Structures are given as C-alpha cells and as structure tokens.
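I opened my notebook for this one and jotted down what I looked up, entry by entry. Have the structure on screen and follow along.

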Amino acid sequence: MNVLRELLAPLARRAAPAPVQSSMALYDLFGSRSAAGVNVTPAESLSVSTVQACVSLIARSLASVPLVLYRRTADGGREPAEDHPLYPILHDLANPLQTAFEVRQLLFVGVLLYGNGYAEIEWGADGYPRALWPLAPEQVQLYTTSDRSLVYRVEGDTFGHSSTVRWLPAYRMHHLRGLATAGMLGMSPLRAANAVGLAMAT
C-alpha cells in the first residue's frame, strides 16, 4: 500500500489547484445590487466623490507612515539596516518605476476597495527581493493545491497589458489582506453597498 501511495504521489502533486473562492469573494470582485437598484462594484464606487475621498485619505495616510527595516544590536536595541537589500525597496523605490510610497498606496487602495492588495515580488540571484510590482486585484485569483500551499493565477503582465496567464507561488506574491472572518481572502468594506448605491442612483 505504501509503495502504491509513493507511485501515485507525483500525480497527486500535479492535480489542478482549486480556487479559493466563496460567494463573499465573488461579491467583493463583481459587486452587488444595492437596495437602490444600482449594482455597486469596487471600480464604479469611485464615481461617488465621498468614497473616492475616503479611499484616497486612508490610503495616503497609511502609505505615508515610514516603513524602516531595523536590525537588532548587541545591547538589545535596534538600528536602521540601511545596507540590507530590502531596505531601499521598503523605504525608497519599490521598483525602478514607482516609489515605495506609491506601491504601498496602491496596495491599500486594493484592500479598501476589494479587500485584497497584491504585489509581485521580483527576486534577485542573491536570494533577496529586487523589486515589488503592484498588481490590480482584478488580475489575481488565489488557488490552493492538494498539499495546502497557495498559488496565484495572474492574468496579464505587471501592467495588465498582455493576455498571458501566469501562476505564481506564494513566495513570489506579497498579499495584503483586509478584514476576514475565514479563509485566505479579505472582505471588501463595500459589501455594505446600500449607502453607496443610493448615492450612485441619486
């Protein structure tokens, strides 16, 4: 029996990953019909000036908080680890085209609208991250494999221009989750859509 299990193990590992989706996840991505009769999606909710102002204020405020990498000192204190390869990515430039502030702001916008923010981690040959590339939440779907590991299905390139589909393991994705009651996906705050739907209908 053990021999048979060992022979079939590679096939089990190659089994198609299962999507981590629920009615809540679909609700957060595609929106819901409010009591006012308007379908409220995260993207369309930004047409309401109050929603846009709130998302902008919260995302900018959180992104502006300094994110400094520290190391422990011999006396039990700490000091900025400015020579660490990850320091400039978190503090200055997240990638050659965007500052650390801009990428953090995009991640928080994703959490505030969709419940989840994503950034692809570009790894260098030295084993350290070289860059963080933000991804639109609509591009990304989360899946689990038979051995309970996570994989991310990404549609398009970093800027969503191509039609290719890529599968990224968990170590290549920085996933910032919002409030969640269960599972691996955050919930969009816009699930309370009636007030937003009324404003859109008005």
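**Entry 1: around Phe-159**

I began with Phe-159, which touches Leu-97 and Trp-133 once its neighbours within four places in sequence are left aside; contact here means heavy atoms within 4.5 Å. Before going on, I noted that this is a predicted model, where local features need pLDDT of at least 70, side-chain atom pairs count only at pLDDT 80 or more, and totals for chains, interfaces and linings use all residues. I also noted that residues are numbered from 1 along each chain as its sequence is written, and that side-chain values use heavy atoms, with hydrogens and water left out.

Where does Phe-159 sit? I found Phe-159 in the loop between S11 and strand S12 (165-169); strands are DSSP runs of E, at least two residues, and helices are runs of H or I, at least four residues, numbered from the N terminus. Phe-159 is partly exposed at a relative accessible area of 46% (buried is under 20%, exposed over 50%, partly exposed in between, with a 1.4 Å probe and protein chains only). From C-alpha to C-alpha, Phe-159 and Gln-139 are 9.6 Å apart in space and 20 residues apart in sequence.

**Entry 2: rings**

I looked up the aromatic pairs and got 3. Rings of Phe, Tyr and Trp (its six-membered ring) pair if their centres lie within 6.5 Å; planes under 30 degrees apart are stacked, over 60 edge-to-face, and the rest tilted. Why is the pair of Tyr-118 and Tyr-152 edge-to-face? Their planes stand at 70°, with the ring centres 6.1 Å apart, so the pair gets that label. Tyr-118 belongs to strand S8 (residues 116-123) and Tyr-152 to strand S11 (residues 150-155), so the pair ties together parts 34 residues apart in sequence. I checked burial too: Tyr-118 is buried at 4% relative accessible area, and Tyr-152 is buried at 2%.

Another ring, that of Tyr-70, has the charged end of Arg-78 over it, 4.0 Å from the ring centre. My cut-offs for that: NZ of Lys or CZ of Arg within 6 Å of the ring centre and within 35 degrees of the ring normal.

Most residues other than glycine have a negative phi. I found a positive value at Arg-148, near 70°. Arg-148 is in the loop between strand S10 (140-144) and S11, and counts as exposed at 79% relative accessibility.
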